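Reader: Hi! I'd like to walk through this model with you. Could you help me look at a few local spots and then the core?

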Amino acid sequence: MSELSTTEFALLGAPHQYLTPLERPSLSEAQAWCAELTRTHYENFHVATIFLPRGTRAHFESIYAYCRVADDLGDEVEDTALATRLLDAWGAMLDQCYDAPERSMHPVFVALRETIRACDLPRQLFLDLVIAFKMDQYKTEYETWDELLEYSHYSANPVGRLVLLVCGYREESVALLSDKVCTALQLANFWQDVVEDKERGRRYVPAESLRRFGVDEGQIEGRVFTPEFRAMIQDLVVRTRAMLAEGGQISRRVNRELAITLNLFRKGGDAILDGIVAQDYDVLRGRPVVSKVKKLSLLVGALIDKLRMRRVR
């Protein structure tokens, strides 16, 4: 287990709300902290927890809080060196959560320890997420499609595997289907946020695609939409949608209750891709969005499935 200095332990330099408290919270206080972070930081995830299997919500909230704080340590701290040190500290605090949990002081790790214990979650999945956030500090461009898949192995796939483990699914064949869905969702967000990512100094559109379709990287910054750019984004969307459909077979491998939630996220990914298509693949003129009406229809559909399932029971 890595030893933490007082400064590292406190997460000094992190957003104020993430600083480690001076007193260790109780389990109920820590779980309430994670629940509040989930409710206020990402409405879609908070709503989706309604459809998760009973008795698992606190576990998903602790996992989400771990991911949310780690992500913000990397993205909300402008100094790259400081962000890297904070992520190193977060990883060391995770080690402490596994190796000496009684010494954990941050509410995330007090709550997460109970989830780890109850669901027998492996350390590596959590560490992989830290690796991804650290990659964001130094790798800002991607050369190939395979490089994006490798990045998603660390940044997206661990979340899906953690969801399965919390729900009691440990088969690798099921986890591999989850990987496809999670990677496809990650890619869909990349194609949706081409301009926004460029403004942040990042390019996830692979260089091999730029070359293949004869697109100049400067077209992104200059927002120059051409038939070549359209063809490139269309190709990326088609490949991503195929991956999403392949992974969607997971709904046949899990119980109906979990399938409702997984289908909700998969359909959300399809909706993002549909938004790109609706703009004729012109992601340079503005960020394609999933309308509130579409979001509501997805949630209503999931709720109907949930109620129908309960009536059958």
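This is a predicted model: local features need pLDDT of at least 70, side-chain atom pairs count only at pLDDT 80 or more; totals for chains, interfaces and linings use all residues.

Reader: Is aspartate 120 buried or exposed?
Author: Aspartate 120 is exposed, because its relative accessible area is 53%, and the cut-off for exposed is over 50%.

Reader: And tyrosine 281, buried or exposed?
Author: Tyrosine 281 is buried, since its relative accessible area is 8%, where buried means under 20%. Its loop runs between α15 (256–278) and α16 (292–312). The phi of tyrosine 281 is positive too, near 70 degrees.

Reader: Back to α6: how far apart are its end C-alpha atoms?
Author: They are 18 Å apart. That agrees with expectation, because 13 residues at 1.5 Å a residue should span 18 Å.

Reader: Which residues of α6 are buried?
Author: Among them are Val108, Phe109, Leu112 and Ile116.

Reader: New topic: how many residues are in the largest nonpolar core?
Author: That core has 53 residues, and Tyr66, Trp90, Leu121, Phe126 and Val254 have the most contacts inside it. Helices supplying at least two residues each include α5 (80–99), α6 and α7. The largest share, 9 residues, comes from α5.

Reader: What is tyrosine 66 in contact with, leaving aside neighbours within four places in sequence?
Author: Its contacts include Trp90, Leu94, Phe109, Leu112 and Phe126.

Reader: Which residues belong to the other core?
Author: That separate core has 34 residues, among them Trp145, Leu148, Val181 and Val205.

Terms used:
Residues are numbered from 1 along each chain as its sequence is written. Side-chain values use heavy atoms; hydrogens and water are left out. Helices (H or I, at least four residues) and strands (E, at least two) are DSSP runs, numbered from the N terminus. The expected span of a helix is 1.5 Å times one less than its number of residues. Buried means under 20% relative accessible area, exposed over 50%, partly exposed in between (1.4 Å probe, protein chains only). A nonpolar core is a set of buried Ala, Val, Leu, Ile, Met, Phe, Trp, Tyr and Cys residues joined through side-chain atoms within 4.5 Å. Contact means heavy atoms within 4.5 Å.
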